[in-house]
Amino acid sequence: MYYLLILAVGLERLVELAVSNSNAAWSLARGGREFGRGHYPTMVILHSGFLIACVAEVWLLHRPFLGWLGWPMLALAGLSQALRWWCVRTLGRRWNTRVIVLRDTPLVQGGPYRWLRHPNYVAVVLEGVALPLVHTAWLTAAVFTLANAALLRVRIRLENSALGYA
């Protein structure tokens, strides 16, 4: 069942990419400016590798499912998905996986952005811990969390700088 969960998350990522590509084209057609394109391939590799590592660690190291850990982590992974899609819905056409800013467009202040500046990244961090721990893949959770922290440090600085441009 865990492998099906990872497959479902992988399919969800493909839906995200389709939405992102459509929204990026929409933004660019309206004069949007892309920032920090150089870090994007690293982000794609990290997030793709994360899903592969979730499966590989469980399969190769025979990680067990422990209900006392797995069920709460599954709930947390589900909540992270709900937060992610709340962000997508709140930003609408302005949401995508790249950093594209439309000039003279005010920052979104609704939805989860009412309380957090980068709620989508909160969702990513939560999922990065929870999804592997559904099946005790603690090594994947730890390595992804550290690598993602380094990436988010770059990404959030870039995004904050780009939003200053808007």
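**Surroundings of Cys54**

A: Beyond the residues up to four places away in sequence, Cys54 touches Tyr2, Ile6, Pro132, Ala137 and Thr140, a contact being heavy atoms within 4.5 Å. The model is a predicted one, in which local features need pLDDT of at least 70 and side-chain atom pairs count only at pLDDT 80 or more, while totals for chains, interfaces and linings use all residues. Residues are numbered from 1 along each chain as its sequence is written, and side-chain values use heavy atoms, with hydrogens and water left out.

Cys54 belongs to helix α2; helices (H or I, at least four residues) and strands (E, at least two) are DSSP runs numbered from the N terminus. Cys54 counts as buried because its relative accessibility is 0%. The classes are buried under 20% relative accessible area, exposed over 50% and partly exposed in between, with a 1.4 Å probe and protein chains only. Between the C-alpha atoms of Cys54 and Trp71 there are 16 Å in space, against 17 residues in sequence.

Two of the contacts of Cys54, Tyr2 and Ile6, are also among the residues with the most contacts inside the largest nonpolar core, together with Phe50, Leu51, Met73 and Leu131. That core comprises 22 residues, where a nonpolar core is a set of buried Ala, Val, Leu, Ile, Met, Phe, Trp, Tyr and Cys residues joined through side-chain atoms within 4.5 Å. At least two residues of this core come from each of α1 (2–29), α2 (40–60), α3 (67–91), α4 (119–133) and α5 (138–165). The main contributor is α2, which gives 7 residues. Leu51 illustrates the packing: leaving aside residues up to four places away in sequence, its contacts are Ile6, Val9, Gly10, Arg13 and Leu131. A separate core of 7 residues lies apart from this one and includes Leu83, Leu91, Tyr113 and Ala123.

Aromatic rings come next. The structure holds 4 aromatic pairs; rings of Phe, Tyr and Trp (its six-membered ring) pair if their centres lie within 6.5 Å, with planes under 30 degrees apart counted as stacked, over 60 as edge-to-face and the rest as tilted. One of them joins Phe50 and Phe144, a tilted pair with 4.3 Å centre to centre and 35° between the planes. Because Phe50 lies in helix α2 and Phe144 in helix α5, this pair ties together parts that are 94 residues apart in sequence. Phe50 and Phe144 are both buried. In the pair of Phe65 and Trp71, the ring centres are 5.3 Å apart and the planes stand at 75°, so the arrangement is edge-to-face. Phe65 is partly exposed, at 36% relative accessible area, whereas Trp71 is exposed at 56%.

As for charged pairs, the count comes to 9 salt bridges, each a side-chain nitrogen of Lys or Arg within 4 Å of a carboxyl oxygen of Asp or Glu. Glu57 pairs with Arg63, their closest N and O atoms lying 2.8 Å apart, and both residues are buried. Glu16 forms a salt bridge with Arg84, with 3.0 Å between the closest N and O atoms. Since Glu16 lies in helix α1 and Arg84 in helix α3, the pair ties together parts 68 residues apart in sequence. Glu16 and Arg84 are likewise buried. A network of salt bridges links Glu12, Arg13, Glu16, Arg84 and Glu127; one of its members, Arg13, is also a contact of Leu51. Glu34 and Arg37 form another salt bridge, at 3.2 Å from N to O. Of these two, Glu34 is partly exposed at 22% and Arg37 is exposed at 57% relative accessible area.

Two backbone sites complete the account. Most residues other than glycine have a negative phi. Thr136, which is not a glycine, has a positive phi of about 55°. Thr136 is placed in the loop between α4 and α5, and its relative accessibility of 7% makes it buried. Asp104, also not a glycine, has a positive phi of about 60°. Asp104 sits in the loop between β2 (99–101) and α4 and is exposed, with a relative accessible area of 69%.
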